[in-house]
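The following report concerns a single protein model and is intended for a reader who has the coordinates at hand. Please consult the display below while reading.

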Amino acid sequence: MSAPPPAPLAHDAMQGVQTNIVAPAPVPGAPIPIPGMVPPAVPGAPVVAGAVPPAAAPQQPPQEEFASETLYIQNLNEKIKIPVLKASLRGLFKSYGEVLDVVAHSNLRMRGQAFVSFESAEIAKKALKEVRGFPLYSKPMQISFAKTRSDAVVKKLDAAHYDEHKQRRIEHKKATRYTNPIKRKYRQKRLAAEMDGGAAAPTTKRPNVQMPDEYLPPNKILFLQNLPENVSKDQLMALFSQYPNLYEVRLIPTKKDIAFVEFLDEASATVAKDALHNYKLDGENKIKITFARK
């Protein structure tokens, strides 16, 4: 018995193209093609010449942070007296370069804030990077760049325009004196209290907070701590006489691990302090050297 003849092929009447081709069954697990979508590359498959990869979104270049010669510091401990705070900030930042000025006030608007000015923006940038977050008097400092130049910076770097700069600053201060939101709120509160006939609430006296030894302002007397109990005056004289203008070494009979070393001037005391702080006098314990309290 002969095989049945094959089914006739259907052709397009106009083009003569075969039209009865059936698509192969999909392979289980294979992705279903979507019209207009470029299929993923198959490992090992040849790369088609001329194929253009999809364009990546253009990336914006990172914008460099504005830098100025003056740092604006916030979150300072408001319980510290202004002269002590300014001396501490100057002592903290002087290791990065010359500190032209430290501005801090105790008024309502500037409380807990300060400005520290250097002679260049590069010095200020390095100081900001390394000191930001440092806990001064148990409060981490928030540091950013000031938006305008300080008087000290202009006087140092652009003395010819100092008077003009100062006049603009004074005029701006006058213009914003009565528009400052903090001052306005305080003034409204005071007026409300006066209208009610009540006196302003008495301010509580701030407790005196003792400044840590590390941030005491420089003077010509050094305070030594953590000395070996068997240390003698001659040993300390020999150690500190390496530096000029040594005046006197004083031991404390009732407390053998501390002493005072006095120089003829502040500069000589500073040189000796910087050189011998953490020096191991007995080969084991580091001696701590700070400026003495006045």
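The report treats the sheet, its helices, the salt bridges and two further side-chain contacts in turn.

**Sheet and helices**

The structure is a predicted model. Four strands form an open sheet in the order S8-S9-S7-S10, and their pairing is antiparallel. Strand S8 (246-251) and strand S10 (288-291) are the edge strands, each pairing on one side only. From one strand to the next, the twist averages 20 degrees.

Strand S7 (residues 221-225) runs antiparallel to S10 and is joined to S10 by 4 bridges. Within this pairing, Phe223 has Thr290 in S10 as its bridge partner. Helix H7 (residues 266-276) packs on the sheet and touches S7, S9 and S10, with a direction that makes about 155 degrees with that of S10. Helix H6 (residues 233-240) lies across S7, S8, strand S9 (259-263) and S10, and runs at about 150 degrees to S8.

**Salt bridges**

Side chains of opposite charge can pair when their charged atoms come close. The count for this model comes to 8 salt bridges. Three of them are listed here, including two made by Glu262.

| Salt bridge | N to O distance |
|---|---|
| Glu262 and Lys220 | 4.0 Å |
| Glu262 and Arg250 | 3.0 Å |
| Lys255 and Asp257 | 3.7 Å |

The salt bridge between Glu262 and Lys220 links distant parts of the chain: Glu262 is in strand S9, whereas Lys220 is in the loop between helix H5 (181-195) and S7, 42 residues apart. Glu262 counts as buried because its relative accessibility is 12%, whereas Lys220, at 36%, counts as partly exposed. The salt bridge of Glu262 with Arg250 connects strand S9 to strand S8 across a separation of 12 residues. Arg250 is partly exposed, with a relative accessible area of 29%.

In the pair of Lys255 and Asp257, Lys255 is partly exposed at 41%, and Asp257 is partly exposed at 25%. Salt bridges that share partners join Lys220, Glu248, Arg250 and Glu262 into one network.

**Aromatic and polar contacts**

The whole structure contains 3 aromatic pairs. In one of them, the ring centres of Tyr72 and Phe115 are 5.1 Å apart and the planes are at 25 degrees, so the pair is stacked. Tyr72 belongs to strand S1 (residues 70-74) and Phe115 to strand S3 (residues 114-118), 43 residues apart. Phe115 is partly exposed, at 25% relative accessibility.

Ser88, in helix H1 (residues 82-93), counts as buried at 0% relative accessibility. The side chain of Ser88 makes a polar contact of 2.7 Å with the side chain of Tyr137.

Definitions and conventions. Residues numbered from 1 in each chain as written. Predicted model: local features only at pLDDT ≥ 70, side-chain atom pairs only at ≥ 80, totals over all residues. Heavy atoms only, no water. Helix = DSSP H or I, 4+ residues; strand = E, 2+ residues; numbered from the N terminus. Buried < 20%, exposed > 50% of the residue type's maximum accessible area, 1.4 Å probe, protein only. Polar contact = N/O pair within 3.5 Å; in protein donor to acceptor, adjacent residues only side chain to side chain. Pairing = 2+ DSSP bridges. Axes fitted to C-alpha atoms, helices over the stretch in contact; angles between N-to-C directions. Contact = heavy atoms within 4.5 Å. Phe/Tyr/Trp six-rings, centres within 6.5 Å; stacked < 30°, edge-to-face > 60°. Salt bridge = Lys/Arg side-chain N within 4 Å of Asp/Glu carboxyl O.
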